Amino acid sequence: MMKPLPFPNVLFSEHLGFLLQRCIKCKALQPGKQAHAMLLASRIDMKILSMSSKLVGMYASCGDLQSAKLVLERTQNPNVFAFNWMVSALAFHGHHEEAIGYFSLMQELGIVANKFTFSIVLKACLGLTDFDKGREVHGVISRSGFGNVVSVANSLIDVYCKCWHVGYGRKVFDGMIERDVVSWTSMICGYCNIGLLEKAFVLFERMKVERLEPNDFTWNAMIAGYARDGDCNGAFVLFSRMVREGLVPDLITWNAMISGFTQSLRAVEAWRLFQDMLVAGIKPNQVTVTGLLPACGLMGSIHRGKELHGLIYRMGLDMNVFVATALIDMYSKCGSVKNAWDVFDRIPVKNVASWNAMIGCYGKHGLVDSSIQLFERMQAEGMQPNHITLISVLSACSHGGLVEKGLTIFRSMKEKYGVEISQEHYSCVLDLLCRSGKMVEAYELFKEMPIEVTDSIIGAFFNGCKVHGRRDLAKLMAEDILRMELKKPGGFVTLSNIYAADGEWDGVENIRKVMKGKGVHKKPGFSWVEKRDGFVESETRNESKIAETGIGMPS
């Protein structure tokens, strides 16, 4: 066996090391492989200049994860840089659990992590939205003495906030000795994402007191937060203030406004903003159109949807799977199954979301057989259904009265599809049973649910009781349900109507008091009327229902 040459040519070794670094930077796989072959042929000691680590980095940065793993496995005493490259590449390509596995292996081997290691592995925790794993890594960070490193603390704030544990993020933020703009922005984003806009605004103002200027991301987070919350005035005030302070709203800012208004169901404002953006000379992108298409669905305006589809076609985005999926959803909500299918059929490489959108479209429009057939074709083409797929299929079975088919799919979700049963799945099955008049079975399922009962589940059950004349079952559940923290009025109103139909006015009054105590209000319905120059929102109030139940009447 030939031994490696310790010092065959120092200049040659340095040249190969420099070449590998260039390959890492440029993501050049072929030249990197050639450099690897030269290293093997010259029998250079791989320990010199950390050649093994550079090779792992080269393969990892170029996306050749298998080769990166092989080099790492064959490296004696790999260093922290090799592991950092491996964890980073796996996290970047979505293999988050495997990335965390290499971090654990690193600890088992006694390799000391650095600040880059922790920032990278926290991204993997974020990719899994795994709060518990993030807490474990936080413990390692504290023991390693990296808790006060700004970049590491910023990553911790990001993980906690995006895993919906903003309080933990705030503890990290408050404990930082030094903060940068990223620290403030991450914390502000955390509050905005959960609707705590007042706390976000306080931090936003405090930044300037501490002599830090908000950057574009900070402004966008605030503007999007107000827009998502439906506070048009607040969003526009910030937007105007941004301009006054010398910052020019860019595409990201406009996208934040448009998507925020769409998410808060302010469809007309979203569309007008889009028109203002075009007038301002800002060219839309994929994010703009995917944020705006749901607004067309909310308005039920196929005319506006087709206008936007034409723009998408001219921009060359119609083959983009994410844009195409948003188009399918828009046409589905506007009632055009044919247009939805035409878009779906043209997608060259479909993802699970595009299949889900088309399956859901068929189900919503009563084409249950087509929905089931597409579900079966999806599996035949090797696409794994996810929890949303099964919600769409179960909903289709409910609308089509396919009780046995729906129950068969529901009972085999974990074993056949590897999907855990969620609240939405229970809601679909309860609706399936209620629509078909199997109220006793629905009641038994309701009582046996191992999950928290939601507004939609209660609404489906009470509606079933009302339609099929099983007011007795609704009253059996009433006491438990009135103690729950429900946010929507639908279930309360239906239960109130059930009591009213039996002349039990004490029950009606009790529900009214509970709704008032919980701050739940029955809002009037509305519809969109499209005119030549825009939209008019038409409010609809059912006065007979208000008079009958007392819901909505002044105290």
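## Charges over rings

In this predicted model, the charged end of lysine 171 sits over the ring of tyrosine 168. The distance to the ring centre is 5.5 Å.

## Aromatic pairs

A pair of aromatic rings is described by the distance of the centres and the angle of the planes. The count here comes to 16 aromatic pairs. One of them joins phenylalanine 204 and tryptophan 219. Their ring centres are 5.0 Å apart and their planes stand at 80°, so the pair is edge-to-face. Phenylalanine 204 belongs to helix H12 (residues 197–209), tryptophan 219 to helix H13 (residues 216–228). The pair therefore ties together parts that are 15 residues apart in sequence. Phenylalanine 204 and tryptophan 219 are both buried.

Phenylalanine 239 and tryptophan 254 also form an edge-to-face pair. Here the values are 5.1 Å centre to centre and 70° between the planes. Phenylalanine 239 lies in helix H14 (residues 232–244) and tryptophan 254 in helix H15 (residues 251–263). They are 15 residues apart, and the pair links distant parts of the chain. Phenylalanine 239 has 11% relative accessibility, so it counts as buried. Tryptophan 254 is buried too, with a relative accessible area of 9%.

Elsewhere, one aromatic cluster is formed by Trp341, Phe344, Trp355 and Tyr362.

## A nonpolar patch

Trp164, Ile194 and Leu196 make a nonpolar surface patch of about 310 Å². Leucine 196 is placed in the loop between helix H11 (181–193) and H12. Its relative accessible area is 35%, so leucine 196 is partly exposed.

## A buried threonine

Threonine 288 is found in helix H17 (residues 286–299). Its relative accessible area is 2%, under the 20% limit, so threonine 288 is buried. The threonine 288 side chain makes a polar contact with the side chain of asparagine 285, at 2.9 Å.

## Salt bridges between helices

Side chains of opposite charge can pair when their charged atoms come close. The structure holds 18 salt bridges. In one of them, the side chains of lysine 69 and glutamate 98 meet at 2.6 Å, N to O. Lysine 69 is in helix H4 (residues 65–73), and glutamate 98 is in helix H6 (residues 96–108). The two residues are 29 residues apart, and their pair links distant parts of the chain.

The partners fall into separate accessibility classes. Lysine 69 counts as buried, at 14% relative accessibility. Glutamate 98 counts as partly exposed, at 30%.

## Salt bridges within a helix

Glutamate 136 forms a salt bridge with lysine 133. The closest N and O atoms are 3.5 Å apart. Both residues lie in helix H8 (residues 131–144). They are three residues apart, about one turn of the helix. Glutamate 136 is partly exposed, with a relative accessible area of 49%. Lysine 133 is also partly exposed, at 23%.

Helix H18 (residues 302–315) contains both arginine 304 and glutamate 307. Their side chains meet in a salt bridge at 3.7 Å, N to O. Arginine 304 counts as buried at 10% relative accessibility, whereas glutamate 307 is partly exposed at 38%. Salt bridges can also share partners: in this way Glu205, Lys208, Arg241 and Glu245 are joined into one network.

Terms used:
Residues numbered from 1 in each chain as written. Heavy atoms only, no water. Phe/Tyr/Trp six-rings, centres within 6.5 Å; stacked < 30°, edge-to-face > 60°. Helix = DSSP H or I, 4+ residues; strand = E, 2+ residues; numbered from the N terminus. Buried < 20%, exposed > 50% of the residue type's maximum accessible area, 1.4 Å probe, protein only. Lys NZ or Arg CZ within 6 Å of the ring centre and 35° of its normal. Patch = residues over 30% accessible without salt bridge, like charges linked within 9 Å, V, L, I, M, F, W, Y side chains within 5 Å. Areas by Shrake-Rupley, 256 points an atom, 1.4 Å probe, with all protein chains shown as cover. Salt bridge = Lys/Arg side-chain N within 4 Å of Asp/Glu carboxyl O. Polar contact = N/O pair within 3.5 Å; in protein donor to acceptor, adjacent residues only side chain to side chain.
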